[in-house]
Amino acid sequence: MASLNLLVGVCLVYVAFLFAVAFAAERAAVRGRSGWLRTPLVYTLSLSIYCTAWTFYGAVGYAARSGMEYVTIYLGPSLVMIGWWWVLRKLVRIGRSQRVTSVADLISARYGKSNTLAIVVTVMAVVGVTPYIALQLQSVTLALSIFAGPSDAAGAAALNPLSAGFWVAGGLAVFTVLFGTRNLNANERHDGVVIAIAVEAVVKLVALMAVGIFVVWGIAGGIGPMMERIDASALGTWELDRSRWAALTVLSAAAFLCLPRMFQVLVVENDDERHVQIASWAFPVYLMLMSLFVVPIAVVGLKLLPAGSNPDLFVVSVPLAQGQTGLAVLSFLGGFSSATSMVIVATLALSTMVSNHVVMPIYLSIKPGGASMSGDVRNVILLAR
């Protein structure tokens, strides 16, 4: 429980820091000093919302269960970015020329601004993304439960997952309202949200690499002994199922391009087409670093932890098992950053789609004179989001 209290305190400080960073970015944008917010580095780091908690935690579990197949989750987006000239460049240009604010807006624009089609896309996005958001909250509560410890003698859990999930969701809702949906602008860009996501991208990369370095040099004793452990494990021998690898790579590439949150940062938040060119090599490098220590962590976790341990949480449980509470807290912050950044941008994108393509058409049809009442329309949009 002491570890849980420490973790909660660290998380509160971390969230306060993110609020401060986002607030500073918003103030800088208002004052016209947002040049440093719209750089290739920030744009590249904002793409890291592809790496959700499922990627941060689950990639290790995926490797423990399926060997090298986990590489496909990184391979698809890397191929998309490397081939930016054929797809991403056109998406960004269409987004700018058509003033596109969401993936539903893009698809409807290609078919005569059909709002019926936009509604269909919006409903599909909400139905598909909502369970994915729930998985992010679940991953945070599962990681928290490791710090909370086992149930007591009466069988009562040390951590109430429903309560924990509720407070995490509430905090993310407040953040998203303050820096995402509180203000309206024509291009739907959100400087505070983007810079906070960029900071979280650095945190989760540092956290995962710190755990990997500890596993390789602190536990295994170096690269050579680590390679011997990998060769001796079940992960050391694997067969390449070409059709399955191809299907998973295409699926991850499609997810990278089509998910509402990715479209938000790839196209809507893009300020300069040249940023895509730099991100075309910088983001694959980021993904390579994120995947670098996945197999070593999986192999060491399978060896050291008791049978039946959840491999999806090896990133946290391995440092804790070795008495490295500080490293485990950093690892949790990495997973927490992965989950929160995804939830914030996903809900931001969904709220834009719902308000623009569902709520406003209904409101204007009920109140025909509403289109001329800008104040009322603005309030309806903000409330809907």
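**Note on helix packing, cavities and buried helices**

1. In α5, residues L88, L91, V92 and G95 meet F263, L266 and V267 of α12, where contact is taken as heavy atoms within 4.5 Å. By class, this contact has 6 nonpolar residues, 1 polar residue and no charged residue. Here Ala, Val, Leu, Ile, Met, Phe, Trp, Tyr, Cys and Pro are nonpolar, Asp, Glu, Lys and Arg are charged, and the others, Gly among them, are polar. Helices are DSSP runs (H or I, at least four residues), as are strands (E, at least two), numbered from the N terminus.

2. On provenance, the model is predicted: local features need pLDDT of at least 70 and side-chain atom pairs count only at pLDDT 80 or more, while totals for chains, interfaces and linings use all residues. Residues are numbered from 1 along each chain as its sequence is written, and side-chain values use heavy atoms, with hydrogens and water left out.

3. Two packed helices are described by the angle between their axes and the distance between the axes. For α5 (residues 88-97) and α12, the axes come within 9 Å and cross at roughly 80°. Axes are lines fitted to C-alpha atoms, for helices over the stretch in contact, and angles run from 0 to 180 degrees between N-to-C directions. The two helices α5 and α12 are therefore roughly perpendicular to each other (65 to 115 degrees; under 35 is roughly parallel, over 145 roughly antiparallel, the rest oblique).

4. How many of the residues of α4 are buried? In helix α4 (residues 72-82) the count is 8 of 11, so α4 is largely enclosed by the rest of the structure. Buried means under 20% relative accessible area, exposed over 50%, and partly exposed in between (1.4 Å probe, protein chains only). The buried residues of α4 are T72, I73, Y74, G76, P77, S78, V80 and M81. Their cover includes both helices of point 1, α5 and α12, as well as α3, α11 (242-258), α13 (273-291) and α14.

5. Helix α15 (residues 314-321) is also mostly covered, with 6 of its 8 residues buried. The buried residues are F314, V315, V316, S317, V318 and P319. The cover over them includes α3 (53-66), α7, α9, α14 (294-304) and α16. After α15 comes G323, with a positive phi near 75°.

6. Within α15, V315 counts as buried at 0% relative accessibility. Apart from its neighbours within four places in sequence, V315 is in contact with F56, Y57, V60, L208, V211, I297 and S331.

7. The largest pocket has a volume of about 470 Å³. Its lining has 24 residues, and C11, V15, W167, V168 and F336 lie nearest its centre. Two or more lining residues come from each of α1 (2-30), α7 (115-148), α8 (161-181), α9 (191-220) and α16. By class, the lining of the largest pocket has 20 nonpolar, 3 polar and 1 charged residues. On a 1 Å grid over the protein atoms alone, a pocket is an open set of points with protein on both sides within 12 Å along at least five of seven lines; a cavity is a set where a 1.4 Å probe fits but cannot get out, and lining residues have an atom within 4 Å of a point. Grid points are joined across faces, edges and corners, and a volume is the space filled by probe spheres set on the points.

8. There are 2 cavities of 30 Å³ or more. The largest has a volume of about 60 Å³ and is lined by L37, R38, T39, V42, Y43, S46, V194, E269, D271 and H275. Helix α2 (residues 40-46) gives the largest share of this lining, 3 residues. The lining of the largest cavity has 4 nonpolar, 3 polar and 3 charged residues.

9. The second largest cavity holds about 40 Å³ of space. Its lining consists of V129, L259, P260, R261, M342, A346 and L350, divided into 6 nonpolar, no polar and 1 charged.

10. R99, in the loop between α5 and α6 (103-109), has a positive phi of about 55° although it is not a glycine. K113, in the loop between α6 and α7, likewise is not a glycine and has a positive phi of about 55°. R99 is exposed, with a relative accessible area of 65%, while K113 counts as partly exposed at 48%.
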